[in-house]
Amino acid sequence: MTAPRRGPGRPRKADAGDTKAALLSAALRLFARNGYAGTSIRSIAREVGLSESVLYAHFDSKQAIFDAVLSTLGPKTPFDVAGYDSSLADTDPPQYLRELVRAALDEWEREDDRLLISVMARDGLLHSPTLRNAVSAMRIQVSLLFDRWITAGLIPADLATPEDLAMTFTGFIGLTRILHLHADATPHDRAQASDDIRRHAETFIRLVFRDDSTH
């Protein structure tokens, strides 16, 4: 039996993930080299040796490509950060926050992650609705964690709202990433920024959690 023919420009399912990842990587490099405004759909397709029709099978616009890059490398909810034991959220919340910070810092050392920060800062994309929505979604999930820990009696109920705790914990971390974990930062600057973030997390833990939950 003859396999059904694909429509023009439509990738095979087995190849779709690799093609999409290649397009995102190419787009990020071009955004860094030429700026967001100076990068065309055609140039992104050519960077990976594809036709525009193949690109449009994955993304319907340059904005959609940028949104996908930001979704992959930008602010994430705690459940989307890989490389730590999420069960600690129930068994040892302070250690959970430490491990979450460690895993995030490991990700932010990667070249593409740092390149994204440089592109956004240079091209004025730090004010984009896409980033605001990503930060908001991340803080909502973090606030739900703090709400759970308040309910469990691990954090004093009258200390602050879950939303304020989430903003206090993540705000300094996000700002430090933007200021010091970009593509042009030196290894020394990045190491200092990572140390500052870890110190912030430890101070937050000592101030927020009851004494018997920090060990």
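**Exercise 1.** How many of the 16 residues of H6 are buried?

*Solution.* A word on the model: it is predicted, so local features need pLDDT of at least 70 and side-chain atom pairs pLDDT 80 or more, while totals for chains, interfaces and linings use all residues. Numbering runs from 1 along each chain as its sequence is written, and side-chain values use heavy atoms, leaving out hydrogens and water.

Step 1: take the cut-offs, where buried is under 20% relative accessible area, exposed is over 50%, and partly exposed lies in between (1.4 Å probe, protein chains only). Step 2: count, and 12 of the 16 come out buried, leaving H6 mostly covered. Among them are Pro-93, Tyr-96, Leu-100 and Trp-108. Step 3: look for partners; the buried residues of H6 pack against helices H5, H7, H8, H9 and H10, with contact meaning heavy atoms within 4.5 Å.

**Exercise 2.** Work out what span helix H6 (residues 93-108) should have, and check it.

*Solution.* Step 1: helices are DSSP runs (H or I, at least four residues), numbered from the N terminus. Step 2: the expected span is 1.5 Å times one less than the number of residues, so the 16 residues of H6 should span 22 Å. Step 3: the end C-alpha atoms of H6 sit 22 Å apart, which agrees.

Definitions and conventions: Helices (H or I, at least four residues) and strands (E, at least two) are DSSP runs, numbered from the N terminus.
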